[in-house]
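The structure comes first, and the notes follow by topic.

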Amino acid sequence: MSASMRIVNGQVYDPKNNIDGEVKEICVEDGKIVDSVSDEATIIDAKGMVIMAGGVDIHCHIAGPKVNLARKLTPEARRHDPHPSTPFTRSGSGGTTPSTFAAGYRYATLGYTTAMEAAVSPIGARHVLEEFEDTPIIDKGFYVLLGNNIFLHNLIREKRIEEFDQAVAWWVNATKAYTVKLVNPGGDEPWKGKRNSNVSNIDEKSDDDTLSPRQIIEAFIKTVNKQGYPHPPHIHCNNLGHSGNYITTLETMKTAGDLRAHIAHIQFHSYGGEVGKNPISKAAEIAEYVNNHPNITCDVGQVMFGDSTIMTADAPLAYVLKGHSKGKWVNADTECESGCGILPFAYQEHIYVHTLQWAIGLELFLLSEDPWRIVLSTDHPNGGSFMAYPKLIKLLMDEKFRREEMKRVNQKALLNCSLPELKREYTLSEIAIITRAGPARALGLETKGHLGVGADADITIYDLMDDKELMFSTPRYVIKSGNTMIANHEFKTDSKGKVYHITPDYDNKIEESLKPFFEDYYSIEFSNYPVDDRYLHQHEIIKTKTS
Ligand SMILES: [Zn+2]
């Protein structure tokens, strides 16, 4: 149990509870925010400081087979960026794909206390949970990749919707996932298979028969909404990165109708122009659709200049990009349920496309009319490391800084977007929304992202500074579940976070169809496939409509 604590004199930014910079006491007991505490409680004087809930990353890649593959592919990144131990925390290694330990500590040093791993093939779930146990401090969960799953494709194709609903719920339970993830739905499978090519729009039939990405997307959106998962399907649209792909993105969002859907790293899906030629920005069209459709949430996937690692279940994309990498690249198969591609990458200011990507991300933030539905992300490490979040916050909050940065980038790209005309500056309250309150709401995590009574006592206290990059990269205090992890910029203790997952109901009868499929197609026995509870360690089940 954590001690009780009273944080006084700080300016509180807690948008969920309509607190916008007022000086207010925050009381903590037993790991939760409470109304009041006894006089014996430890006091933290936060005079001149800003208090927010712990940050929540809705989309990152920090654990599991693909991250491990990327780590193995870039040993130089680890040698050049060791993460030192302290009297309380152990060492790790960094780069854009840090070790489990470094990932947890580095999130904490930014004031982030929750992060969701955004793409896990079902067969990799056990590995992810093992790595989660080694990822300190932060709470986490993951989204399971089901959009290129042959068994599920067959059920959709044969219109066996009731069985499809059961099978999706079975897979979510079997892997301990938080929601379903679709990546290039219906595109990886034909690319890996006989046809040997990706789909180019969501109505293209992906096999020799009748299945299109749109049918797959529709089936998942319907089942997840019907079963009432706390977070809707997390969708990486088809055609990521290709000029002209904004049409695919709009069509994907339209497929949802008025049902909830989350569009991942939407920046990578907001390009106009002709396929094979340089893109132009379609951020305005995408932002307008999102602004007008409250059922849609998205995260941006901002590109930040410097090193990144592209890691994706969109295997055809990694294959297309391989010539643009720094010489290393790998594609890997994941049986009959997903694909995988990895390549170390660097975004450079002088390159037209890279600058345009950077500008489109910023446009999307600045054109968004509802900060609750657009989440700050770099699609770590695809658009850049999560360690770049403070600089991204500065770009959003400081128009003068943005203008200075614009002088250093490819000027031709700036002519093909509206960034130079956008004067908006985010407020501290809006930053609190896009980095904690909004993602917590989109995830259905009711005890995260705010500082109201009953919330988890995940609290970050920043010195108020003019330089917002400095401010957000060096919180003075980071409190997790009521324990002071960091005080005066130094770790004071270590801790383990918990795993969030869901347990939607399903009928065991579906296993009668699954078993023979496993015997025919999988390298693993059906009985060995579901992840058992001992892999969960500390965990919490978030309710669905059917559990
Ligand atoms: Zn991603």
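A salt bridge joins the side chains of D39 and R6, with N and O 3.9 Å apart; the term means a side-chain nitrogen of Lys or Arg within 4 Å of a carboxyl oxygen of Asp or Glu. D39 lies in the loop between strand 5 (32–34) and strand 6 (42–45) and R6 in strand 1 (residues 5–8), so this pair ties together parts that are 33 residues apart in sequence. Helices (H or I, at least four residues) and strands (E, at least two) are DSSP runs, numbered from the N terminus.

The model is predicted: local features need pLDDT of at least 70, side-chain atom pairs count only at pLDDT 80 or more, and totals for chains, interfaces and linings use all residues. Residues are numbered from 1 along each chain as its sequence is written, and side-chain values use heavy atoms, with hydrogens and water left out.

**Salt bridges**

- By the rule above, the count comes to 35 salt bridges.
- D39 is exposed at 70% relative accessibility, whereas R6 is buried at 15%; buried means under 20% relative accessible area, exposed over 50%, and partly exposed in between (1.4 Å probe, protein chains only).
- D139 and K480 form a salt bridge of 3.1 Å, N to O.
- D139 belongs to strand 12 (residues 139–145) and K480 to strand 24 (residues 477–480), so the pair ties together parts that are 341 residues apart in sequence.
- Both D139 and K480 are buried.
- A network of salt bridges links K32, D139, K448, D456, D458 and K480.
- E158 and R160 also form a salt bridge, their closest N and O atoms being 2.5 Å apart.
- E158 is partly exposed at 46% relative accessibility, and R160 is partly exposed at 29%.

**Largest pocket**

- The largest pocket holds about 680 Å³ of space.
- On a 1 Å grid over the protein atoms alone, a pocket is an open set of points where a 1.4 Å probe fits, with protein on both sides within 12 Å along at least five of seven lines; lining residues have an atom within 4 Å of a point.
- Grid points are joined across faces, edges and corners, and a volume is the space filled by probe spheres set on the points.
- Its lining has 35 residues, with G241, L317, L321, V353 and Q357 nearest the centre.
- At least two lining residues come from each of strand 13 (179–183), strand 19 (306–312), helix 11 (315–321), strand 21 (338–347) and helix 12 (352–367).
- By type, the lining has 17 nonpolar, 14 polar and 4 charged residues; Ala, Val, Leu, Ile, Met, Phe, Trp, Tyr, Cys and Pro count as nonpolar, Asp, Glu, Lys and Arg as charged, and the others, Gly among them, as polar.

**H262**

- H262 lies in strand 15 and is buried, with a relative accessible area of 0%.

- Q227, in helix 8 (residues 213–227), is buried at 6% relative accessibility.
- The side chain of Q227 reaches the backbone oxygen of D165 at 3.0 Å.
- S270 sits in the loop between strand 15 (261–263) and strand 16 (271–272) and is buried, with a relative accessible area of 0%.

Methods:
A polar contact is a pair of N or O atoms within 3.5 Å; within protein, one must be able to donate a hydrogen and the other to accept it, and residues adjacent in sequence count only if both atoms are side-chain atoms.
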